[in-house]
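Please report on the architecture, packing and local backbone features of this model. Keep it brief.

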Amino acid sequence: MAEAVAATRPGAAARRAWLARALRHPSFVAGGILTLLLVGVALLSLVWTPYEPTSMDLKARYAPVSWSHLLGTDRFGRDVLSNIMAGAQLSIAVGVVAVLIGVTLGSALGLWAAARKGWVEELVMRFSDFAFAFPAILSAIMITVILGPGAVNSILAIGIFNIPVFARLTRAAANSVWTREFVLAARAAGKGGFRITVEHVLPNILSVILVQATIQFAIAILAEAALSYLGIGSQPPQPSWGRMLNEAQLQMYKNAWLAIYPGIAIAVSVLGLNLLGDGLRDLTDPRLVRQR
Amino acid sequence: MSLFIAKRFATLVLTLVFTSAIVFTVMEILPGDPALLILGIDAPAEAVASLRSQLGLDRPPVERYLAWLGGIAAGEFGQSYTYQVPVWDLIGDRLAITLPLTLFAMVLAILAALAMGIYAAARHNRAGDLAVMTVSQVGISIPNFWLGILLISAFAVGLGWFSAGGFPGWGAGIGPALQALLLPAISLAVVQAAILARVTRSAMLEVMREDFVRTARAKGLSRRAVLWRHVVRNALIPVITITGLQFGFLLTGAIVVEQVFNLPGLGRLVFSAISDRDVEVVKNCVMLVAFLVIAINFAVDMLYAAIDPRLKAADA
């Protein structure tokens with residue numbers, strides 16, 4: 001762990017060396033490009049899409065692929081490409097917020113558990129056990145039942161599910177740092193639990209948290225798409241890949257292609273983030289690199 | 001050993017009680033009065049009040065919570081508000097689709113994952129390995145409900161080999177029933193197979209580095225014999241653990257995939273109960289799914305301890 005930090009933090013030369021190694025790593029490069037593509041499309045859609053995603057053109061219903069509609073149109077004559085582009089916004093928003101909820105609350109709990117031990121650790125771990133036993137889609141369903149369907153509520157449901165994931169991971173990683181000599185030295189120097197956590201433990205486990213955040217981002221995109229597909233996620237007129245798939249299924253006999261594009265958008269985004277996460281893990285964990 | 005089992009069992013019971021408390025609380029917060037829902041909003045106040053007391057809604061929450069737990073312990077799941085039948089009758093029929101679907105998917109996933117994982121590990125760092133890893137990376141990224149839609153559009157709409165959804169019932173014979181479950185099971189299985197293939201491969205590679213494998217090779221056993229007799233056997237331990245964890249994902253995944261294929265399983269029951277605000281059905285379905293997941297994880301823990309005695313020693 002310490003070696004990983006040594007590789008990522010000090011000196012411009014070491015940073016350049018790390019970057020050079022990263023740019024030769026196939027998963028990292030492929031994942032990075034796909035993720036940049038996702039973010040780029042989402043940003044572009046904020047200022048420009050070929051058509052207004054929600055605008056209907058009943059004269060151009062089920063239009064085939066053409067120069068005026070690169071991916072055709074749906075049953076209301078809405079431009080599919082514009083909706084795919086705008087759908088990226090929702091996926092990114094869900095991923096970012098859900099992961100932030102998980103990282104801030106979950107990692108705080110994990111760090112607290114590792115620093116305090118005893119009943120605090122026991123409590124945090126039992127809470128994580130419970131949350132793990134409770135499938136994410138079920139908690140999403142229950143939260144939707146109380147708060148009603150909608151994008152914000154599905155983000156909340158996915159975010160809550162992320163808390164125990166990060167709590168467990170952070171506690172395990174933090175515990176391994178707490179047993180190291182430099183922490184012992186810091187304690188001998190009279191530093192308290194909070195200062196040691198912030199100054200020594202957290203910097204040493206950041207890379208582990210970052211890798212997991214990438215993976216959870218991908219899982220959040222999948223979960224949001226599933227909730228929207230089921231009709232308990234984002235609601236119209238918000239463009240959403242999951243709901244596009246739901247609508248496409250009804251039109252399958254008319255135009256099977258409508259079910260292809262949103263699915264590819266989801267799969268490519270998830271693939272990109274997973275590859276990026278795999279690459280980051282290889283690059284930040286020297287133990288794994290040696291095993292290859 | 002008995003201390004280990006007792007400890008795990010206590011955790012199991014605690015988790016179940018905690019889960020039930022959360023589920024009950026959530027359903028309490030839920031807006032809407034079931035009595036009004038049954039009778040309609042125009043019902044006279046006295047009728048609503050009498051139905052409320054008949055349903056036990058006028059009793060304090062703690063009392064109703066305990067009554068619910070007691071009921072579950074006695075195998076009594078309460079009455080559905082909308083269907084006016086015992087909840088267990090509803091659940092039983094739906095479970096007869098959801099559970100076979102989950103198990104079917106699990107068998108497919110395990111078979112595919114073992115084949116892919118063992119093949120990849122045996123050809124470590126060669127083309128076959130790379131191909132399996134690429135395929136599994138893509139498999140992990142595909143949403144199960146999308147795969148379901150694609151399978152319907154290819155094999156039902158396009159080729160006409162399968163019906164586009166629905167379930168003929170087990171009464172129609174095991175052949176037609178399994179045929180109706182095949183496409184849903186494949187859509188569920190692909191992601192889990194991809195994950196499990198990676199676990200199998202890395203578990204195999206880990207075991208291959210062990211000294212006893214080198215010894216077995218040194219005493220003259222062929223590569224193939226070592227692979228099957230020593231490596232696969234030892235690599236199965238982590239694979240079993242992950243398979244147990246995956247049961248929960250498959251079960252909840254089934255809830256989603258049932259919607260795609262229009263299967264009248266537990267998922268559809270939950271969703272229609274949610275829109276009908278049928279609290280009794282939602283509460284008991286959610287609790288049942290949580291129970292199944294928790295119980296399977298417990299069983300895997302036990303199995304794991306039976307296979308790997310080190311774990312018992314460390315934990316007890």
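Asn125(B) lies in the loop between α5 (87–122) and α6 (127–141) of chain B. Helices (H or I, at least four residues) and strands (E, at least two) are DSSP runs, numbered from the N terminus. Phi of Asn125(B) is near 65°, a positive value in a residue other than glycine. Asn125(B) has 10 C-beta neighbours inside 10 Å, so it counts as exposed. A residue is buried if 20 or more other C-beta atoms lie within 10 Å of its own, exposed if 12 or fewer, and partly exposed in between; C-beta atoms are placed from the backbone.

The model is predicted: local features need pLDDT of at least 70, side-chain atom pairs count only at pLDDT 80 or more, and totals for chains, interfaces and linings use all residues. Residues are numbered from 1 along each chain as its sequence is written, while chains are lettered from A and ligands numbered from 1 in the order in which they are written.

Chain A also has a non-glycine residue with positive phi, Lys117(A), at about 55°. Lys117(A) sits in the loop between α4 and α5 of chain A. The table sets out neighbour counts.

| Residue | C-beta neighbours inside 10 Å | Class |
|---|---|---|
| Asn125(B) | 10 neighbours | exposed |
| Lys117(A) | 12 neighbours | exposed |
| Leu69(B) | 16 neighbours | partly exposed |

Leu69(B) belongs to helix α4 (residues 61–73) of chain B. Its C-alpha atom is 8.7 Å from that of Val17(B), 52 residues away along the chain.

Chain A has 12 helices and 0 strands. Its C-alpha trace spans about 75 × 50 × 35 Å along the principal axes. Of its 292 residues, 47% are buried. The peptide bond from Pro236(A) to Pro237(A) is cis, with omega near 10°. Pro237(A) is in the loop between α9 and α10 of chain A.

Helix α7 (residues 151–178) of chain A packs on α9(A) at an angle of about 155°, with the axes 9 Å apart. Axes are lines fitted to C-alpha atoms, for helices over the stretch in contact, and angles run from 0 to 180 degrees between N-to-C directions. The two helices α7(A) and α9(A) are therefore roughly antiparallel (under 35 degrees is roughly parallel, over 145 roughly antiparallel, 65 to 115 roughly perpendicular and the rest oblique). Residues in this contact include Phe166(A) of α7(A) and Gln212(A) of α9(A). Two residues are in contact if their C-beta atoms, placed from the backbone, lie within 7 Å. By class, the contact of α7(A) with α9(A) has 15 nonpolar, 7 polar and 1 charged residues. Ala, Val, Leu, Ile, Met, Phe, Trp, Tyr, Cys and Pro count as nonpolar, Asp, Glu, Lys and Arg as charged, and the others, Gly among them, as polar.

Helix α10(A) is largely enclosed by the rest of the structure, because 8 of its 10 residues are buried. Among them are Trp241(A) and Arg243(A). The buried residues of α10(A) pack against α4 (80–116), α9 and α11 of chain A, together with α7 (144–158) of chain B.

The contact between the chains takes 29 residues from chain A and 33 residues from chain B. On the side of chain A, α11(A) gives the largest share, 7 residues. That side divides into 25 nonpolar, 3 polar and 1 charged residues.

The largest nonpolar core has 155 residues, of which Ala226(A) and Cys285(B) touch the most other members. A nonpolar core is a set of buried Ala, Val, Leu, Ile, Met, Phe, Trp, Tyr and Cys residues joined through C-beta atoms within 7 Å. Its largest share, 18 residues, comes from α9(A).
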